[in-house]
Amino acid sequence: MTHTAIIGGTGLTWLPEFEETHREKLITPWGEPSSDIIHGKLFGEEIVFLARHGEKHTIPPHRINYRANIQALKESGVISIIAAAAVGGIRADLGPAKIAIPSQIIDYSHGRAGTFFEDKLDHVTHIDFTHPYSPGLREKLLDAGFRAGLRVIDGGVYACTQGPRLETSAEIIRIERDGGDMVGMTGMPEAALARELGMDYAACAIVANWAAGKSNQEITMAEIEGNLLKGMADFANLLRHCLCSTIALQ
Ligand code: HPA
């Protein structure tokens, strides 16, 4: 059975070397996931792929049915989720096209269905979310990055904003003051929902642009897409080393 899922984000609606074998069209009690659950082989290893924004990249961050996505992955037998996350870089070392494995989250999003534990409960349930990303899976990604010869940044606070607009420079100053190192729009409630269902979850953040006010250039979709294209080649390399843990140090 397939145990690892990759959730693709902006700039990653498809994995170039992925060989699809079959698809599941799942309807969960929470509704439809963003895309079919796509099974196949990546670098010879069985994985499952889900396009967070839909296969045509049409679902904005605040409209994603995060509960359906995580539930569908759970139902298809997934136990570990590697989430690709496009981010704006706030910290000085998080420039465009860099890759980081974040270690913490601050959630600024609002109005999203963010828990499975809501109705028809036997007991009110509070998950421990002290460490929002699974430490073992983070280590695996960092180790893969090292073996791939990539400069992967270990740690950092992912700030999740509501979107779909980008932030104001004052918002980025505030997020930085709060301790945020990078900013994205989809990390929450995805990470918390995975924890609620007992699944391992870690993110691979790919810096698409300097966050608002961190450079004097306007942030354009062309810039975001260009940097993600560069970062994605590294992400694919990291995945190859993560999935094939036997690849020797090169
Ligand atoms: N802000 C929020 N989300 C993002 C950004 C950003 O600057 N870049 C890519 N995703």
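Predicted model: local features only at pLDDT ≥ 70, side-chain atom pairs only at ≥ 80, totals over all residues.
Which side chain does the side chain of Arg52 join in a polar contact of 2.8 Å? The partner is Glu190.

Arg52 sits in the loop that runs between strand 4 (45–51) and helix 1 (66–75). Is Arg52 buried or exposed? Its relative accessible area is 2%, and buried means under 20%, so Arg52 is buried. The residues in contact with Arg52, leaving aside its neighbours within four places in sequence, come from several parts of the numbering. They include Ile7, Gly8 and Gly9, then Ser34, Ile64 and Asn69. Ala83, Ala84, Thr186 and Tyr201 are also in contact with Arg52, as is Glu190.

From this residue we can turn to the pockets. The largest pocket has a volume of about 460 Å³. It is lined by 24 residues, and those closest to its centre are Thr10, Pro61, Pro164, Leu166 and Met185. Strand 5 (80–89), strand 10 (182–184), strand 11 (200–210) and helix 5 (221–243) each give two or more residues to this lining. Strand 5 gives the most, with three residues. Sorted by class, the lining of the largest pocket has 14 nonpolar, eight polar and two charged residues.

The second largest pocket holds about 190 Å³ of space. Among the residues that line it are Tyr108, His110, Thr161, Gln162 and Gly163, together with Arg165, Glu167, Glu171 and Arg174. Leu166 and Ile175 belong to the lining of this second pocket too. By class, the lining of the second largest pocket has three nonpolar, four polar and four charged residues.

Definitions and conventions
Residues numbered from 1 in each chain as written. Heavy atoms only, no water. Helix = DSSP H or I, 4+ residues; strand = E, 2+ residues; numbered from the N terminus. Buried < 20%, exposed > 50% of the residue type's maximum accessible area, 1.4 Å probe, protein only. Polar contact = N/O pair within 3.5 Å; in protein donor to acceptor, adjacent residues only side chain to side chain. Contact = heavy atoms within 4.5 Å. 1 Å grid on protein atoms, 1.4 Å probe; cavity = no way out; pocket = protein on both sides within 12 Å on 5 of 7 lines; lining within 4 Å. Points joined across faces, edges and corners; volume = space filled by probe spheres on them. Nonpolar A, V, L, I, M, F, W, Y, C, P; charged D, E, K, R; others polar.
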